[in-house]
Amino acid sequence: MDIMSAIYRAVIGPLMEQFQRVMHGDGRRNSAAAGLGLALGGGFARGFAHIGVLQVLEEEQIPIYCIAGTSVGSILGAAYASGMPMERISAVCRSIRFKDFARWKISKMGLASNDRMSELISNCLGASRFEDLKIPMAVVTTDLGTGEPVVFTRGPLAEPIRASCAFPGLFEPVMFNGQCLSDGGLTAPVPAKACAALGARHVLAVSVSFNDWRKDKSPVNLFQVFSRALSVAQKHRNPSWTRFADVLLEPAVQDIDWDEFERAGEAIEAGAHATRMALPRLRAMLNLQESQGAGVEAHAAA
């Protein structure tokens, strides 16, 4: 009996505890049963729509297995994966401005530096390394030497996130691990492939940067020209990432410019609305019961 008790304590007990955590943990813990991965695309201020997506998934108790982020998607994805409460993520984003994460530094490599982002990440996230995150996370950057995507899943968080947000022409590239790294959106505007590579059974991809084609709204400054030109190039090439997405959300944020951070509330609501519309499809795909979430039908009809 003593031997059996020892075996139980050493092997069976821990396995049962792990099983209980997986099956009954909060929406941020890994769930092998659901296996939903989030691919959060880039889009500067428009990316605040990702907060609305995360809020609805958490409210509806839909567990997230892993997250992959590009540009602003990497920041918000890491914040959520670190365990930062949704209320705090939303509050920080509603108050943040360009000067909080960047400073003008005209050089031959860019017009500004986003080195202040390291301090922002340090102050806001409860983690400094990928290994500290509560949800597996991938951050996509682009190697300007090879033109290929570089995906980070281990090591320090700050440098890969800074690099993923280093929009070419505006921000200086980030030198890290002997590579000259820039915006992940150049090679993975929506990192659905990286999300699938993390092991997600199903990928929910959120795109916020392509649906901005309005004849009555031309670019009015250099940065809008850069952003629009990149979107044009991406619009007219085959978006290979879409084949890795099981569900694609495109929140209605086309009226929000890249630097209109003060409109975070509108972007958040757009993301929430798009997610509510997709809830029936998500639940069917994940084989989740309607009763698991609250007010699904009411939200879907909103």
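How do the axes of helix H2 and helix H9 cross? The axes of H2 (residues 49–59) and H9 (residues 264–286) come within 6 Å and cross at roughly 45°. Axes here are lines fitted to C-alpha atoms, for helices over the stretch in contact, and angles run from 0 to 180 degrees between N-to-C directions.

## Model and overall make-up

This is a predicted model, in which local features need pLDDT of at least 70, side-chain atom pairs count only at pLDDT 80 or more, and totals for chains, interfaces and linings use all residues. Residues are numbered from 1 along each chain as its sequence is written, and side-chain values use heavy atoms, with hydrogens and water left out.

The protein has ten helices and ten strands. Helices (H or I, at least four residues) and strands (E, at least two) are DSSP runs, numbered from the N terminus. Of the 302 residues, 51% are buried. Buried means under 20% relative accessible area, exposed means over 50%, and partly exposed lies in between (1.4 Å probe, protein chains only). Take the contacts in the protein with a separation of 6 or more: residues 24 or more positions apart account for 75% of them. Contact means heavy atoms within 4.5 Å.

## The H2–H9 crossing

H2 and H9 are oblique to each other. Angles under 35 degrees count as roughly parallel, over 145 as roughly antiparallel, 65 to 115 as roughly perpendicular and the rest as oblique. H2 passes H9 in a right-handed crossing. A crossing is right-handed if the near helix is turned clockwise from the far one by less than a right angle, and left-handed if anticlockwise.

Which residues meet where H2 and H9 touch? H2 contributes Ala-49, Ile-51, Gly-52, Val-53, Gln-55, Val-56 and Leu-57. H9 contributes Ala-267, Ile-268, Gly-271, Ala-272, Thr-275, Arg-276, Leu-279 and Leu-282. The residues of this contact divide into ten nonpolar, four polar and one charged. Ala, Val, Leu, Ile, Met, Phe, Trp, Tyr, Cys and Pro count as nonpolar, Asp, Glu, Lys and Arg as charged, and the others, Gly among them, as polar.

## How H2 is enclosed

Eight of the eleven residues of H2 are buried, so H2 is largely enclosed by the rest of the structure. The buried residues are Ala-49, His-50, Ile-51, Gly-52, Val-53, Leu-54, Val-56 and Leu-57. Their cover includes strands S1 (36–40), S9 (202–206) and S10 (247–249). It also includes helices H3 (72–81), H4 (86–95) and H9.

## Loops on either side of H2

Phe-44 sits in the loop between S1 and H2. Phe-44 has a positive phi of about 50°, although it is not a glycine. Phe-44 is buried, with a relative accessible area of 13%.

Just after H2 comes Gln-61, with a positive phi of about 55°. Gln-61 is likewise a residue other than glycine. Its place is the loop between H2 and strand S2 (66–70). Gln-61 is partly exposed, with a relative accessible area of 47%.

## Salt bridges

How many salt bridges does the structure hold? There are six. A salt bridge is a side-chain nitrogen of Lys or Arg within 4 Å of a carboxyl oxygen of Asp or Glu. Arg-129, Glu-131 and Arg-154 are linked in a network of salt bridges. Glu-131 pairs with Arg-129 at 3.6 Å, N to O. Glu-131 is partly exposed at 37% relative accessibility, and Arg-129 is partly exposed at 37%. Arg-154 pairs with Glu-131 at 3.8 Å, N to O. Arg-154 lies in the loop between strand S6 (149–152) and helix H6 (158–164), and Glu-131 in the loop between helix H5 (116–124) and strand S5 (137–143), so the pair ties together parts that are 23 residues apart in sequence. Arg-154 counts as exposed, at 60% relative accessibility.

Is the pair Glu-260 and Arg-263 buried or exposed? Both residues are buried. The closest N and O atoms of the Glu-260 to Arg-263 salt bridge are 2.9 Å apart.

## A buried serine

Ser-207 lies in the loop between S9 and helix H8 (222–235). At 1% relative accessibility, Ser-207 counts as buried. Leaving aside residues up to four places away in sequence, Ser-207 touches Val-190, Trp-241, Leu-248, Leu-249, Glu-250 and Pro-251.
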